[in-house]
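Here's a friendly tour for anyone opening this structure for the first time. Take a look at the sequence and the model, then read on.

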Amino acid sequence: MVSVGIVDDHELIRLGLRSLLEQEPAMDCVLELTSAQEVLDSISKIDDTVDILLLDLSLPDSSGLSLLEKLQGRLQRTKVIILSSSPEEEFAVQAVRSGASGFLPKDFTVASLLEAVRSVMHGGIYLTPKASGYLREGTPADAATAPTRDTRELSGNELTVFRYICTGYANKEIAYEMGCSVKTVSTYKRRLMEKLGAGNLVELVRIGMEKGFVPDHS
């Protein structure tokens, strides 16, 4: 069962999201909050009970991006998907760089919402094809200064693990596919983060997107 929390100050939006999620037998809405302060006051509860947090980008007391920055390092288990009516070219890349595991425009379909939750739950990053393009190639505003990483320094096994991570495989699944231990996979992941300059898994997958290792959701 995937436990989902919703952060949105509009009651009808929360009701609609909850109704959509609870049509799925494997998903359960366990928490609803209406402001950034409620989220900050409930961090322990969220991390104990919520697998995926659906976070509105525009809250009455803070922007979702500012809240994301405050949550970095404080949520150990819970993954965040940003919901926004703002343009993807402005905010999707910022959201992922700030620690979100996904970004969905508010004109999303039911199928894309459920796909996003499943993808993030399995360790992936969810973006629309347009936002994935911005993350790989940069927006018009930052394309000229987009950082590059050289994957040629990676060993064969590190490159294999990198591809599995970018496809959304969990450590246990990678270990099974490669015929090695979970501890060995963790070692490869640590080396990948060191060699590619990634501070966390989200950043590692972002680099994978830049290199074309992450498939688009179409």
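## The sheet

What is the order of the 5 strands in the open sheet? Reading across, the order goes β2-β1-β3-β6-β7, and the pairing is parallel. Keep in mind that this is a predicted model. At the edges sit β2 and β7, and each of them pairs on one side only. Going from one strand to the next, the twist averages 25°.

Let's zoom in on β6, starting with its link to β3: these two run parallel and are joined by 5 bridges. Here Leu 55 stands opposite Ile 82 of β6. Now look towards β7, which pairs with β6 in the parallel sense over 4 bridges. Ile 82 turns up again here, with Phe 103 as its bridge partner in β7.

## The edge strand β7

Which residues of β7 (102-105) point one way, and which the other? Gly 102 and Leu 104 go one way, while Phe 103 and Pro 105 go the other. As for burial, Gly 102, Phe 103, Leu 104 and Pro 105 are all buried.

## Helix α1 and its cover

Helix α1 spans residues 11-21, and its buried residues are Arg 14, Leu 17 and Leu 21. Seen down the helix axis, the buried residues fall within an arc of 70°, so they line one face of α1.

Strand β5 takes in residues 62-63, and Ser 62 is part of it. Is Ser 62 buried or exposed? Its relative accessible area is 16%, which means Ser 62 counts as buried. Leaving out neighbours within four places in sequence, Ser 62 is in contact with Ala 36, Leu 57 and Leu 67.

Helix α4 covers residues 64-71. This helix lies across β3 and β6, and runs at about 145° to β3.

## Arg 118 in helix α6

Back to helix α6, where you'll find Arg 118. With a relative accessible area of 40%, Arg 118 is partly exposed. Which residues does Arg 118 touch, not counting those up to four places away in sequence? They are Glu 24 and Met 27.

The side chains of Arg 118 and Glu 24 are joined by a polar contact of 2.9 Å. As for Met 27, this residue and Arg 118 are 91 residues apart in sequence, yet 9.5 Å apart in space, going C-alpha to C-alpha.

## A pair of rings

How many aromatic pairs does the count come to? The answer is 1. Tyr 164 and Tyr 169 make up this aromatic pair, with 4.8 Å from centre to centre. Their planes stand 50° apart, and the pair is tilted. Tyr 169 itself has 30% relative accessibility, so this residue counts as partly exposed.

How values were computed: Residues are numbered from 1 along each chain as its sequence is written. This is a predicted model: local features need pLDDT of at least 70, side-chain atom pairs count only at pLDDT 80 or more; totals for chains, interfaces and linings use all residues. Side-chain values use heavy atoms; hydrogens and water are left out. Rings of Phe, Tyr and Trp (its six-membered ring) pair if their centres lie within 6.5 Å; planes under 30 degrees apart count as stacked, over 60 as edge-to-face and the rest as tilted. Buried means under 20% relative accessible area, exposed over 50%, partly exposed in between (1.4 Å probe, protein chains only). The arc is that of the directions from the helix axis to the C-beta atoms. Contact means heavy atoms within 4.5 Å. Two strands pair if DSSP finds at least two bridges between them. Axes are lines fitted to C-alpha atoms, for helices over the stretch in contact, and angles run from 0 to 180 degrees between N-to-C directions. A polar contact is a pair of N or O atoms within 3.5 Å; within protein, one must be able to donate a hydrogen and the other to accept it, and residues adjacent in sequence count only if both atoms are side-chain atoms.
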